[in-house]
Amino acid sequence: MQPGEQILWRGRPVRRIKWLKLLLASVFGFFFAGFALFWMIMAAQDGGFAWMFGLIHFSVGVGVVAVAVLDERMRLRETWFTLSDRAAYIARRHWWKGKILDTYPITANMPIRLGGGDKAGDVIFATKRVKTKNGYSTQNIGFLDIAQAPEVFALLKYAREALQ
């Protein structure tokens, strides 16, 4: 933060698990591991050590599930949001990359939007294009899954209008 910068709000995501994302990764991982386990059992019945090649695939399947669970846990426990009169900060700890701090300076033409549901909302102030297997998709960046979304949106709007 810069000298004279004032913090307007601090918060964290609501502790609500994103079940669909977790379920899809778990189904894929368990299917992958289950098929590898089946293959290892069948290969072990022939004798020899060929069944050991299935350990790699089994480990990958279990790893997919473990990473999905760890990712969701880190998103909920290791993410902090800060809004100041000059910038929006998203701090998080990633299981592989370590500590990450993203800073988004507030500008007069910053597009802000309020979204979400009744228990938790989103204050979105940036987007990012992400390459996918089918082309590109747009990913929202902001204070996601926060309980005080309308209040934070008003604070961000006020800070943006103060720059005009």
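These are my notebook entries on one predicted model.

**Ground rules**

I took this as a predicted model, in which local features need pLDDT of at least 70, side-chain atom pairs count only at pLDDT 80 or more, and totals for chains, interfaces and linings use all residues. Residues are numbered from 1 along each chain as its sequence is written, and side-chain values use heavy atoms, with hydrogens and water left out.

**Entry 1: the chain as a whole**

I began with the secondary structure, taking helices (H or I, at least four residues) and strands (E, at least two) as DSSP runs numbered from the N terminus. The chain has three helices and seven strands. Read from the N terminus, I get the order β-α-α-β-β-β-β-β-β-α. The radius of gyration is 22 Å, well over the 15 Å of the globule rule for 164 residues, so the chain is more spread out than a compact globule. That radius is taken over C-alpha atoms, and the rule is 2.2 Å times the number of residues to the power 0.38. I also looked up the extent of the C-alpha trace, which spans about 75 × 30 × 30 Å along its principal axes.

Next I looked at burial, where buried means under 20% relative accessible area, exposed over 50%, and partly exposed in between (1.4 Å probe, protein chains only). Of the 164 residues, 32% count as buried.

For contacts I used heavy atoms within 4.5 Å. Among contacts with a separation of 6 or more, 56% come from residues 24 or more positions apart.

**Entry 2**

I went through the strand pairs, where two strands pair if DSSP finds at least two bridges between them. Strand β2 (residues 79–84) pairs with strand β3 (residues 87–94) in the antiparallel sense over five bridges. The two form a hairpin with two residues between them. In this pair, Thr82 stands opposite Tyr89 in β3.

From β3 I moved on to strand β4 (residues 98–105), which is antiparallel to β3 and joined to it by eight bridges. This hairpin has three residues between its strands. Ala91 stands opposite Leu101 in β4.

**Entry 3**

I then found an open sheet of three strands in the order β5-β6-β7, with antiparallel pairing. Its edge strands are β5 (113–116) and β7 (135–146), each pairing on one side only. The twist averages 55° from one strand to the next. Axes are lines fitted to C-alpha atoms, for helices over the stretch in contact, and angles run from 0 to 180 degrees between N-to-C directions.

Between β6 and β7 I noted 10 bridges in the antiparallel sense. A hairpin of two residues joins β6 to β7. Helix α3 (residues 149–162) lies across β5, β6 and β7 and runs at about 85° to β6.

I looked up Asp122, which lies in strand β6 (residues 121–132). Is Asp122 buried or exposed? At 18% relative accessibility, Asp122 counts as buried. Leaving aside neighbours within four places in sequence, Asp122 is in contact with Arg113, Leu114, Gly115, Gly116, Phe143, Leu144, Asp145 and Ala149. A polar atom of the Asp122 side chain lies 2.8 Å from the backbone nitrogen of Asp145.

Val130 is also in strand β6. At 27% relative accessibility, Val130 counts as partly exposed. Not counting residues up to four places away in sequence, Val130 touches Gly135, Tyr136, Ser137 and Gln139. I also took the C-alpha distance from Val130 to Asp102: 17 Å in space, for 28 residues in sequence.

**Entry 2: Leu20**

Last, I turned to Leu20, found in helix α1 (residues 19–45). Leu20 is exposed, with a relative accessible area of 61%. Leu20 and Met1 are 19 residues apart in sequence, and their C-alpha atoms are 36 Å apart in space.

Terms used. Polar contact = N/O pair within 3.5 Å; in protein donor to acceptor, adjacent residues only side chain to side chain.
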